[in-house]
Amino acid sequence: MTRIKRWRQHFAMGSRMVLLLAILVVVWGCNEQRVASAVDSMPTNLRGPDEQSYHAVLSERVNPDGLVDYKGLKANRDRLDRYVRSLAAVDPKSYETWTNPEKIAFWINAYNGLTLKAIVDNYPITKGGLISGLRFPAGSIRQIPGVWDEITNVVMGKPLTLDQIEHEILRKQFDEPRIHLALVCAAMGCPPLRNEPYTGARLDAQLEDQARKFFARSRNFRIDRKNQTVCLSSIFKWFGSDFARKYATEEFQQVAQDLRPVLGFAARYLEPDDAEYLKNQGYAIEYLDYDWSLNEEK
């Protein structure tokens, strides 16, 4: 084969490659959706959880009182699903480099986001079993079988239930009892759902704000001076022991020792006269009935 023939063959092959590349550029360049889809399918462990999508869900579907537009979220759930997918792909090795506030914020967001998913997956919620159907309100999360201890979602490559996130990770691995005022189980008795994600940089301020809002609501806390009774959310009946180390106090001698940390914690967020009442008056403790009706915006 002469040099000229070889040169012509190489030139023809090169021309075909250039033409093919040009066609690909035009096709992809004319379809931004495909480009976006390709980016979306990239391993999210390179980007961390998709907090931008989660922020959009919260800001658009959660009102200032913490009530959720589940009907609207059900009809437009793409960003919620994108956030849930991003949780699955977070790299455990990258996670280990985060600060404790960043880890706590991640898990609170995951719990609340996956709770939203559980509601949307079953919305409108119908009555569950015979016992739950009679015991709990129609539309309640309590009507969803296995919602906390059976239904799993993949987070950092592992299938986890909501109970595992709350009890085996957040409660066991971090000494931060204020999580109980941030985890939202889609019920009116829960703390209000924020219309923004938790972040490591702002976690302390966000949890402090949650506590102030929580104790300002009569469904969560109230003092009945006439009957000398202090009424606490059932959250403190279930998880009061979590406050023992961080909020231990020698005050509140008039109540049982195991209640003192809870009352010490509560007093931080009350008006001065209410805090003074807790410290110096005699009273009985009662736990408020937990409102399991759905935290839905009507």
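Q: Why is tyrosine 95 called buried?
A: Its relative accessible area is 5%. Buried means under 20%, exposed over 50%, and partly exposed in between, with a 1.4 Å probe and protein chains only. So tyrosine 95 counts as buried. This is a predicted model: local features need pLDDT of at least 70, side-chain atom pairs count only at pLDDT 80 or more, and totals for chains, interfaces and linings use all residues. Residues are numbered from 1 along each chain as its sequence is written, and side-chain values use heavy atoms, leaving out hydrogens and water.

Q: What makes the pair of tyrosine 95 and tryptophan 98 edge-to-face?
A: Rings of Phe, Tyr and Trp (its six-membered ring) pair if their centres lie within 6.5 Å; planes under 30 degrees apart are stacked, over 60 edge-to-face, the rest tilted. Here the centres are 5.2 Å apart and the planes at 65°, so the pair is edge-to-face. By this rule there are 25 aromatic pairs.

Q: How do you know that arginine 142 lies over the face of tryptophan 292?
A: A charge sits over a ring if NZ of Lys or CZ of Arg is within 6 Å of the ring centre and within 35 degrees of the ring normal. Arginine 142 is at 4.7 Å from the ring centre of tryptophan 292. Arginine 225 likewise lies over the face of tyrosine 277, at 4.9 Å.

Q: Which residues does phenylalanine 215 touch?
A: Contact means heavy atoms within 4.5 Å. Leaving aside residues up to four places away in sequence, phenylalanine 215 touches Leu181, Phe221, Phe236, Phe265, Ala266, Tyr269 and Leu270.
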